[in-house]
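Welcome, and please load the model in your viewer. We will go from stop to stop, selecting a few residues each time.

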Amino acid sequence: MKDVARLLNDMLSAGVIADYAIFGAVAQMRYTPTVATMDADILVVMEGKDTLDVLKPIYEFCTDRGYTPDRETIRVGEWPVQFIPVFNPLTEDAVREAETGEIEGIAFRVVRADFLAAIALNTGRPKDFTRILALLESRAVSSEDIAELTRRYRLQSEWERFKERFLDE
Amino acid sequence: MNSLEELFERQAEWQREQANLPWAEKLRLSVVMREALLALRRSRHNHDPSCDSDEQSEHPSR
């Protein structure tokens with residue numbers, strides 16, 4: 001993962017991306033016990049949003065450095081990495097308000113726990129609900145933190161359904 | 001404390017220790033888990049070639 005962090009920071013310095021933050025299971029593991037995951041998911045902010053192939057500069061940058069595409073991911077060491085352009089105000093703010101963590105001495109932008117939970121709520125698959133529960137269990141985030149974000153991004157009804165189903169409130 | 005309660009208490013303690021591992025260590029463990037999972041899927045696939053891969057990415061649907 002150190003190589004992934006280094007690659008992303010280089011990409012940022014070179015102006016290939018305007019910003020990034022890791023999210024999904026890899027970010028979750030900052031707070032919770034280990035979970036199995038197939039890849040590392042990176043939210044990216046691109047400068048040239050209106051081109052047809054928005055990820056092309058990323059793929060070119062990676063290929064130039066010897067990292068090869070593998071289906072929808074780029075293989076970086078042991079990690080298939082998936083680049084996902086921000087796609088709504090929630091993900092835009094998740095990157096803007098990300099924290100700077102550290103992997104073996106390398107700085108690494110990471111989505112905050114409350115945004116991880118809100119994105120999971122918005123996505124709404126069973127494993128996303130498991131993520132929210134794991135974040136709550138680890139006390140990385142509180143119900144109040146999540147409720148605050150659900151008001152900001154109009155996810156109140158999803159949050160109410162989640163609470164009714166899983167938190168018995 | 002009866003034996004069942006002790007078992008739960010030990011399990012909870014183990015989980016707390018797991019959560020407190022350094023992030024980099026958890027990521028290393030995650031790679032090991034992924035490889036084990038993929039090996040299991042390959043083995044299942046060899047026994048039943050008609051089964052579809054259920055490999056999933058983590059990314060949310062857009």
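A residue is buried if 20 or more other C-beta atoms lie within 10 Å of its own, exposed if 12 or fewer, and partly exposed in between, with C-beta atoms placed from the backbone. This is a predicted model, in which local features need pLDDT of at least 70 and side-chain atom pairs count only at pLDDT 80 or more, while totals for chains, interfaces and linings use all residues. Residues are numbered from 1 along each chain as its sequence is written, and chains are lettered from A and ligands numbered from 1 in the order in which they are written.

**Stop 1: two arginines in loops**

Start with R139(A), in the loop between helix 6 (126-137) and helix 7 of chain A; helices (H or I, at least four residues) and strands (E, at least two) are DSSP runs, numbered from the N terminus. R139(A) counts as exposed because it has 10 C-beta neighbours inside 10 Å. Its phi is positive, about 65°, although R139(A) is not a glycine. Most residues other than glycine have a negative phi.

Now select R154(A), in the loop between helix 7 and helix 8 of chain A. R154(A) has a positive phi of about 55° and is not a glycine either. With 11 other C-beta atoms within 10 Å, R154(A) is exposed.

**Stop 2: helix 7**

Next, select residues 143-152 of chain A, which form helix 7. Which residues of helix 7 of chain A are buried? They are I146(A), L149(A) and T150(A).

Contact here requires C-beta atoms, placed from the backbone, within 7 Å of each other.

Keep helix 7 and helix 8 of chain A on screen. Their axes come within 8 Å and cross at roughly 150°; axes are lines fitted to C-alpha atoms, for helices over the stretch in contact, and angles run from 0 to 180 degrees between N-to-C directions. Helix 7 and helix 8 of chain A are therefore roughly antiparallel (under 35 degrees is roughly parallel, over 145 roughly antiparallel, 65 to 115 roughly perpendicular and the rest oblique). To display this contact, pick I146(A), A147(A), T150(A) and R151(A) from helix 7, and Q156(A), E158(A) and W159(A) from helix 8.

**Stop 3**

Move to strand 5 (79-85) of chain A. Strand 2 (residues 40-45) of chain A pairs with strand 5 in the parallel sense over 5 bridges, where pairing takes at least two DSSP bridges. Here I42(A) stands opposite F83(A). Strand 4 (residues 73-76) of chain A runs antiparallel to strand 5, joined by 3 bridges, and I74(A) stands opposite V81(A). In this hairpin, with 2 residues between the strands, G77(A) has a positive phi near 60°.

**Stop 4: the other chain**

Finally, show chain B, with its 2 helices and 0 strands. Of its 62 residues, 6% count as buried. The contact between the chains takes 26 residues from chain A and 21 from chain B. Helix 2 (24-28) is among the elements of chain A that each supply at least two residues of this side; the largest share, 3 residues, comes from helix 2.

Conventions:
Two residues are in contact if their C-beta atoms, placed from the backbone, lie within 7 Å.
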